[in-house]
Amino acid sequence: MAYGSGLPRIMPNLTRHCRPGLAEAVVARHPAPAVVLDMGAGGRKIAPHVTAVDFVALPGTDVVSDVCATPFPDDHADCIIATGLIEHLEDDLAFLREARRILKPGGEIHVEIPFLQQYHDDPIDVRRYTVDGLARVMRAQGFEPVDSGFHIGPGVAIATLNAYYWGTVFEGESRAAKILSNGAFFLASVVGWPLTRLDRWLMRKRSAHRLAFGVYCVARKPPA
């Protein structure tokens, strides 16, 4: 159930990034004519020279392809962006192997994935990683991590999970239950929204990664 879907204009945005613009900063290090691929772009365009790749032809998609088996040649890209992607893939390691194949030696890959985010199928949702777990997976697939951490913090995790909890408490098939469920989700979101504003402060805490909503890793393909 998409809680709050009937109230899109007044729903508070709980997914607040405490480290905004990470992917954009990586792309900025690779200006045109560098080859930058946004895998699973979802219709967005980070920068004009970025090639948006997705398995469906959404508005803004440049290449329609399975991200685990792309048409790009070996050593093709200077940079690969994959945000909110690998939790939705049946085989995330197949994607990372493909990314390593098409990256140039010394090229960068930026990956973001949830940790304490609720289940969200698009069309499937099959995994989560900790900060350390993501870095270890990247290293095991032949990349050299250069930066890792969390970009969506504990306040967002607590506020979001609490809103989904109360939405689930009142969930049902009847019209009244749907109204109550969405109302509970909305009220919990309003109450929890101030917590999301604390993440810029909490991110300095040593243990904040234990409650992070989303984590990231920037890594390089080793030079030849």
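**Exercise 1. Determine how the lining of the largest pocket divides by class, and which residues lie nearest the pocket's centre.**

Solution. By class, the lining of the largest pocket comprises 8 nonpolar, 5 polar and 5 charged residues, where Ala, Val, Leu, Ile, Met, Phe, Trp, Tyr, Cys and Pro count as nonpolar, Asp, Glu, Lys and Arg as charged, and the others, Gly among them, as polar. The model is a predicted one, in which local features need pLDDT of at least 70 and side-chain atom pairs count only at pLDDT 80 or more, while totals for chains, interfaces and linings use all residues. Residues are numbered from 1 along each chain as its sequence is written, and side-chain values use heavy atoms, with hydrogens and water left out. The lining is made of 18 residues, of which D54, F55, L85, H88 and D122 lie nearest the centre. A pocket is here an open set of points on a 1 Å grid over the protein atoms alone, where a 1.4 Å probe fits and protein lies on both sides within 12 Å along at least five of seven lines, and lining residues have an atom within 4 Å of a point. The space in the largest pocket is about 410 Å³, a volume being the space filled by probe spheres set on the points, which are joined across faces, edges and corners.

**Exercise 2. Describe the second largest pocket by its volume, its lining and the element that gives the most to that lining.**

Solution. Its volume is about 290 Å³. Of its 15 lining residues, T15, G84, E87, Q117 and I152 are the closest to the centre. At least two lining residues come from each of β5 and β6 (144-152), and β5 gives the most, with 3 residues; strands (E, at least two residues) and helices (H or I, at least four) are DSSP runs numbered from the N terminus. The class division is 4 nonpolar, 9 polar and 2 charged residues.

**Exercise 3. Work out the strand order of the open sheet and the sense in which β4 and β5 pair.**

Solution. The open sheet has 7 strands in the order β3-β2-β1-β4-β5-β7-β6, with mixed pairing, and two strands pair if DSSP finds at least two bridges between them. The edge strands, each pairing on one side only, are β3 (63-64) and β6. Between β4 and β5 the sense is parallel, over 6 bridges, and C79 stands opposite E108 in β5.

**Exercise 4. Identify the residues with the most contacts inside the largest nonpolar core, then list the contacts of I80.**

Solution. This core has 35 residues, and those with the most contacts inside it are M39, I80, I86, F95, I109, L134 and M138; such a core is a set of buried Ala, Val, Leu, Ile, Met, Phe, Trp, Tyr and Cys residues joined through side-chain atoms within 4.5 Å. Two or more residues come from each of β1 (36-39), β4 (77-83), α2 (92-102), β5 (103-114), α3 (131-140) and β7 (214-220), and α3 gives the most, with 5 residues. Neighbours within four places in sequence aside, I80 is in contact (heavy atoms within 4.5 Å) with L37, M39, F95, A99, I102, L103, E108, I109 and H110. Another core, of 12 residues, lies apart from the largest one and includes V36, A47, C79 and I81.

**Exercise 5. Is L14 buried or exposed, and which residues does L14 touch?**

Solution. L14 sits in the segment before α1 (22-28) and counts as buried because its relative accessibility is 7%, the limit for buried being under 20% relative accessible area, with exposed over 50% and partly exposed in between (1.4 Å probe, protein chains only). Not counting residues up to four places away in sequence, L14 touches V156, A159, T160, A163, S189, W193 and T196.
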